[in-house]
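Hi everyone, thanks for making the time.

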Amino acid sequence: MKKSKLSLVALILGALAAFILVSAWLSPVQGDEYAQLGASIGKAIVMPSAICTLVAVILNTIGYFLANRTLTLISAIFYVLGLILMPLWGFVGIPSMILQFIAFGKMKNPTV
């Protein structure tokens, strides 16, 4: 099966989005104990979205290199989950999500 160029672009954008999310999540917080407590609470709220985006990128990578239609769809669904779990951070995953759904639609159904 032929590899999808749209899935490759989604992979690159998704990896960039995951890097942005993880670097923001791991960034140290300067300030007093209350600022650090607030940052810890914020990071805990954002963690499920970051994890979904990371899983989406991993599945996107595997789906691209195996040219697997099912993994392409599942990675698009994980991009959607990342958007639902944190709508304000979801803008970084929207392009990858759209490209994955288009790539899934353009992939041919395997004939059995």
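Let me start with a question: which residue caps the N-terminal end of H1? Keep in mind that this is a predicted model. The cap is serine 4, with a side-chain oxygen 3.3 Å from the backbone nitrogen of leucine 6.

Now follow the helix along. H1 runs over residues 5–26, which makes 22 residues. From the first C-alpha to the last, H1 reaches 31 Å, close to the 32 Å expected at 1.5 Å a residue.

Next, the sides of the helix. Buried in H1 are Ser7, Ala10, Leu11, Gly14, Ala17, Ala18 and Leu21. These residues sit on the same side of H1 because they cover an arc of only 140° around the axis. And what do they pack against? Their partners are helix H2 (33–66), helix H3 (69–85) and helix H4 (94–106). Turn the model around, and the face of H1 pointing away from the buried side shows you the exposed residues Lys5, Ile12 and Phe19.

Let's go inside. The largest nonpolar core has seven residues: Leu11, Ala18, Ala56, Val57, Tyr64, Tyr79 and Met97. H1 and H2 each supply at least two residues of this core, and H2 gives the most, with three. As a general reminder, nonpolar side chains tend to be buried together in soluble globular proteins.

One last stop, at a member of that core, methionine 97. Setting aside neighbours within four places in sequence, methionine 97 is in contact with Ala76, Tyr79, Val80 and Leu83.

How values were computed:
Residues are numbered from 1 along each chain as its sequence is written. This is a predicted model: local features need pLDDT of at least 70, side-chain atom pairs count only at pLDDT 80 or more; totals for chains, interfaces and linings use all residues. Side-chain values use heavy atoms; hydrogens and water are left out. Helices (H or I, at least four residues) and strands (E, at least two) are DSSP runs, numbered from the N terminus. The expected span of a helix is 1.5 Å times one less than its number of residues. Buried means under 20% relative accessible area, exposed over 50%, partly exposed in between (1.4 Å probe, protein chains only). The arc is that of the directions from the helix axis to the C-beta atoms. Contact means heavy atoms within 4.5 Å. A polar contact is a pair of N or O atoms within 3.5 Å; within protein, one must be able to donate a hydrogen and the other to accept it, and residues adjacent in sequence count only if both atoms are side-chain atoms. A nonpolar core is a set of buried Ala, Val, Leu, Ile, Met, Phe, Trp, Tyr and Cys residues joined through side-chain atoms within 4.5 Å.
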